[in-house]
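Here's a quick briefing to read with the model open beside you. Grab your viewer and follow along.

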Amino acid sequence: MRQKFIKPYHLFQHQGGWYIINVEGMFASAIDEVSAGALAKMSSGTDEPIEPSMEELLEKLGLLEVGGGQPPKAKKELKKEPLPVINLSLFLTQSCNLRCVYCYGDGGGYGGGGNMAEQTALQAIDWLLEQAGKIKKLHIGFFGGEPFLNFLLMKTVTEYAKQRAHALGKDVAFHTTTNATLLDDEKIDFIKEHRIDVLVSFDGSKELQDAQRPYADGEGSYDATVPKIKRLLKVLPQTPGHAVIVGNTDPKTVKGAMQEIGFTEVSIKPTSQSLFAGGPDATKPDRDTQHLLQALEEEAAIWLMLTQSRDSEALQRLKTQSGLYEGLTVLLHNSKKRHACGAGLELAAVSAAGDIYLCHRFVGQEQYKLGSVFVKDLIREEYQKSPVTESAVCSVCFAKYYCAGGCKHDNASSTGLTTSPSKDICRLRSRELELAATVICRLDPEDKAFLVEHKIFAPKPCPLDF
């Protein structure tokens, strides 16, 4: 006789209501208290007989699975060919004019320093074009330190990459991360002409910016930088800003200050330790994420209020600054991630010397060096494995297909392992998914149709689309 098993699930309570996340199906359901109590008594994946009265509930929740005599094992990923590198972070310089207090790059020098030579930069472009194989769309990011310290090389690389890509029937897009201190009309015109996507690193209010992101001589950077940011936003108003939270700073304060400057799209993240600062410190307390968690709770209520009041304009603004948008999307689309980002997969970073690293955050760390632009092969096999199946921590987590192991650099700087996330970030990411689930469960079909109609969310992709 074939036995019935319960698929992995996560049951939790929020504001008096009970919710369940189907881990493998990546969808959420609200359930009544009696059903929640009955389900709580059962073990996920148990091989004990399932009471007939529970079968209907389990089928509704998508948790019932018919198998042989043993509970079904987690499916292992099939071994695939390594992904071609199509996204390159190019370190035009390993120097910076700011000294951010939380810098993970050793003051922008990444343990070395110096500018990239033109020969190295052009070789890096040739290397990327070869690595990409048959892929037509490529991405090049200009990094530092502060990349505009080597603006001349940026111009040279842009022209060379476009010409070489065109000759091979490929297309190349550019992006850069800048502190905006060096922006002027010439640079802004160049950005616009070549459609370079810009991310501005800025921490919000004058007090925060001056304290956290001073110049190398200790002088505050707010007053000199804000007029340049406003000049950029006047030409490219959709340029996003990114802020780093240090200590217990309230994210609402940061977002408000960024909006006053003119940013319509804002992202925030808590600071990470630097690998140049001696590595992980087991005695260091967890990051203070209480304000971030509280902001997520408030945001969940705002999503419901704005959706039910049909305020599409406010929802569009919320979308660009949301901490829950990703979680809402994956639950609406029932989508899964097996890697948090492309580090070690289709993405690589090239140092000023031409060495290749896992991503831009690992530049200068010898143990995360994958090769060189002057050598064809990369050593990256261990990073092809997904934390979803390979990590002892992630494989049993209900949020594994949402977080997918987290940022490898944050993991390494927190725990010493790229595959082992920190407890504070786990709490934050898990709560994001839980709160997203509570919102999704309280939206009716008309609410969801409204969100898609007004392009707050894209329609769920058809499984037959390729």
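Predicted model: local features only at pLDDT ≥ 70, side-chain atom pairs only at ≥ 80, totals over all residues.

Residues are numbered from 1 along each chain as its sequence is written, and side-chain values use heavy atoms, with hydrogens and water left out.

**Cores**

- The largest nonpolar core has 108 residues, and Leu90, Phe142, Trp303 and Leu433 touch the most other members. (A nonpolar core is a set of buried Ala, Val, Leu, Ile, Met, Phe, Trp, Tyr and Cys residues joined through side-chain atoms within 4.5 Å; buried means under 20% relative accessible area, exposed over 50%, and partly exposed in between, with a 1.4 Å probe and protein chains only.)
- Another core, of 13 residues, lies apart from that one and includes Ile6, Tyr9, Ile31 and Met54.
- Not counting residues up to four places away in sequence, Trp303 touches Leu315, Leu318, Lys319, Ser322, Leu324, Tyr325, Leu328, Val439, Ile456 and Phe457. (Contact means heavy atoms within 4.5 Å.)

- (Helices, H or I with at least four residues, and strands, E with at least two, are DSSP runs numbered from the N terminus.)
- β7 pairs in the parallel sense with β6 (residues 87–91) over five bridges, and Leu90 stands opposite Phe142 in β7. (Two strands pair if DSSP finds at least two bridges between them.)
- To get from β6 to β7 the chain goes through helix α3 (residues 118–131), in a right-handed β-α-β crossover. (Right-handed means that, with the strands pointing away from the viewer, the path from the first strand over the helix to the second runs clockwise.)
- β7 also runs parallel to β8 (residues 171–178), joined by six bridges; there, Gly141 has His175 in β8 as its bridge partner.

**Aromatic cluster**

- The whole structure holds 12 aromatic pairs. (Rings of Phe, Tyr and Trp, the last by its six-membered ring, pair if their centres lie within 6.5 Å; planes under 30 degrees apart count as stacked, over 60 as edge-to-face and the rest as tilted.)
- Phe91 and Tyr110 form an edge-to-face pair, 5.0 Å centre to centre with 80 degrees between the planes.
- Phe91 sits in β6 and Tyr110 in the loop between β6 and α3, so their pair ties together parts 19 residues apart in sequence.
- Tyr104 and Tyr110 are edge-to-face too, at 6.2 Å and 75 degrees, and both are buried.
- Ring pairs link Phe91, Tyr104, Tyr110 and Phe143 into a cluster.

**Asn334 and helix α11**

- Asn334 lies in the loop between α11 (325–333) and β12 (347–350), and takes a positive phi of about 55 degrees just after α11.
- Asn334 is partly exposed, at 27% relative accessible area.
- The Asn334 side chain makes a polar contact with the side chain of Lys460 at 2.5 Å. (A polar contact is a pair of N or O atoms within 3.5 Å; within protein, one must be able to donate a hydrogen and the other to accept it, and residues adjacent in sequence count only if both atoms are side-chain atoms.)
- The buried residues of α11 pack against β4 (27–31), α9 (290–308), α13 (400–403) and α15 (423–441).
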